[in-house]
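Hello,

Here is the structure for your files. My notes follow below it.

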Amino acid sequence: MLMRDMMTRDVPSLHLKDSLRQGVELLRWTKLDALPVVDEAGLLIGIFTKANVLDAFLAGVDTSELIEGHFNTQVVTVGVDAPYQEVEQRAKQTLVGTGVVVDKEGKALGIFTKVDMILALFKEAEKLATQLNTVYQAMPNGIIVVDRHNCIQQINPSGEKILKLKEPIQGLKLSNAFPGLDLRDVIIKSQHLVGVQTEMNQVKVLCNISPIGELAGAVIVFQALTDFDQVALELDATKRLYETLLTVTNIAYEAIFVVDDQGKITLVNEAACQFFGKREKELLQQPIEQVMENTRLMRTLKTGMAETNEIQVINGRPYIVSRMPIVRQGKIIGAVGKIIFQKLEEVKDVAQRLAQMDQELNFYKERVGSTRLPVTFNQIVTVSQDLRRLKNEAEIAARGNSTILLTGESGTGKELFAEAIHQASPYRNGPYVKVNCAAVPENLLESEFFGYANGAFTGAQKGGKLGKFATANGGTLFLDEIGDMSLNLQSKLLRVLEDRCFEPVGSNEAVKVDIRIITATNKELQQKVASGEFRSDLYYRLNVISFRLIPIRDRPEDIIPLVHVFLEKLNQDFGKQISGVTPEVQKILVNHRWPGNVRELKNVIERAVNFASGELLELTDLPFYLREEKQEDAFPLKKEWNLESVHEHLDKETLEQALLIMKGNKSEVARLLGISRSWLYEKLRRYDISHR
Ligand SMILES: Nc1ncnc2c1ncn2[C@@H]1O[C@H](COP(=O)(O)OP(=O)(O)OP(=O)(O)O)[C@@H](O)[C@H]1O
């Protein structure tokens, strides 16, 4: 409210040439207590009041005299645009009952009387009361007003609702209505109480209590604690969720960042900070476009389309990037970006370490070994003419001390032959030592083969350690998977083969050994020689006498005899009495291609014995891939298949078969299929093949 809204307007002004009579008549006519006096230009020069009239009368002045000299030149003036508060202030400070309202030039526009002030006050109070009442009625918090005697004056609708009041409480003593609530200190000591938890009408509430003026009473503002608790709980849960999210994102190797709907960064993980080379606070709230070149995140915000695993060149390097919109109630409220393999080196490192541990595990597993009976040629089951001839030749070769190379597909019996040769050789009384060259970790190779001298290196076993060559002294050293031996070791092996002499790690003294060496591989060594992966001189050294073992599909007549030998042993192990296989099963076994050879056959029979309930192994006892062969002799080409699905089908079958052959040993499966372990895991995951 401004002065212009409070003043009395249309007030006549007096001039110097006006008589006292005219002044009195105007006062009488307007019923005002004072009138402004102005000069010829209308500018205010004074005020003519009832007191001036009385003074002139007492002095016996004639009413025809001019008012000049009979009015006050000291005038209280107020600007027409002065706000209510200023007017109130001025009114409080002066005792003068009437002020003159002027414009900026000082021209009198009207007067402002005490009556005007009171009316304005009423208006202002009314406005305030309406505002307060609206707040009072509408606010969600409860309000109780008590007077100085602790009597409840008012309670707002929210208050009644929160406290579930059934009857009015106005007029009651607060301590009676709500026992335990004492406001005496608030009222007497004018104290403010904040965050008071109490119970009113059996409702837990949180209150702020304030005194009203001086000893006038108090007001309680409260809210139900249950609502409050709820909000607090939700807030806590949100906080926890946020912290979990931060921790999760920080564990990730990928750079992860979140933007709001404007493309401003709202969250970054540590990897993202490293990736962008900035600190978190430097990134937060920055437009993503300024932080990352060629970002397509703004597009994601517009289109709402997720893009996963796309190649994007950032700072000249390609990265795998994914983008995902964040949608809430059908609206895109932000997006997440992810840059994968930002720390590819570390991932590779971890993978390498895992592979090495895996290798070491296999190696030590093998070392633990078993104390089974020695294998002789008698245990090599065959009715095939070719294999029998090979067996005879091997038996003859065993009698000498030449190095023997055994080649052939996986599972064809190379190891079996190696041991049988040893048992039939002049070295039979010496040890038979087997080393899987592919399983010895690169860092253990030398000491494993040649041993080490006392104190050769920190952590070395006291007194040194014998290597495989020394251990096999006087016996046979069977080097399996020779095709996987590193070139470095190949040259060292060549020396031992030539001189039967070697030096342990950390020693200058050559050790001479008398050993028979048998090697084996399922790789095409000649091809490896051609590609430079295998030393040709070593190849010729190893290839003095060689035997290529025959895959079982080329000697199907051996299948059923082998099955019977296996059944005999398995019956003992499992306490069963299975005497053979049904004709149906026999047909399948004989027709199968057996990529895993005798090992696969042995595992299939072991599995079948586990499942078998009758006297003969039945179709249902066979693994699924073999059962399928019953229906389809050739590969089944279905109408709905395309080249890709056919390929997948074959892939899946081969994997399942390989897993069975290798009894779930992933390293062996990968080796059998000639793929890396990581590729194998990828395939198992893709085809959803469970692998324990
Ligand atoms: N003629 C056979 N008679 C009896 N058992 C056999 C015969 N041939 C292979 N086996 C058995 O099949 C399994 C695989 O044989 P072996 O380990 O000797 O094959 P491998 O050719 O050395 O395989 P890899 O190249 O995968 O090492 C062994 O359990 C072995 O006893």
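**What I found**

Tyr-540 is exposed, with 10 other C-beta atoms within 10 Å. The scale: 20 or more such atoms means buried, 12 or fewer exposed, in between partly exposed, with C-beta atoms placed from the backbone. Tyr-540 sits in helix 20; helices are DSSP runs of H or I, at least four residues, and strands are E runs of at least two, numbered from the N terminus. Its C-alpha atom is 10.0 Å from that of Gln-526, 14 residues away along the chain.

This is a predicted model: local features need pLDDT of at least 70 and side-chain atom pairs 80 or more, while totals for chains, interfaces and linings use all residues. Residues are numbered from 1 along each chain as its sequence is written.

Now the ligand. Its shell has 18 residues, and the closest are Ser-410, Gly-413, Lys-414, Glu-415 and Val-598. The cut-off is a C-beta atom, placed from the backbone, within 6 Å. Helix 15 (414-423) and helix 23 (597-611) each give the shell at least two residues. Domain 4 (373-550) and domain 5 (555-686) both contribute to the shell, so the ligand lies between them. The domain bounds come from an automatic or database assignment.

Last, the cores. The largest nonpolar core has 37 residues; Leu-406, Ile-421, Leu-477 and Ile-518 touch the most other members. A core is a set of buried Ala, Val, Leu, Ile, Met, Phe, Trp, Tyr and Cys residues joined through C-beta atoms within 7 Å. Helix 20 (536-542) is among the elements that each supply at least two residues of this core. Apart from it lies another core, of 28 residues, including Val-598 and Val-669.

Best wishes
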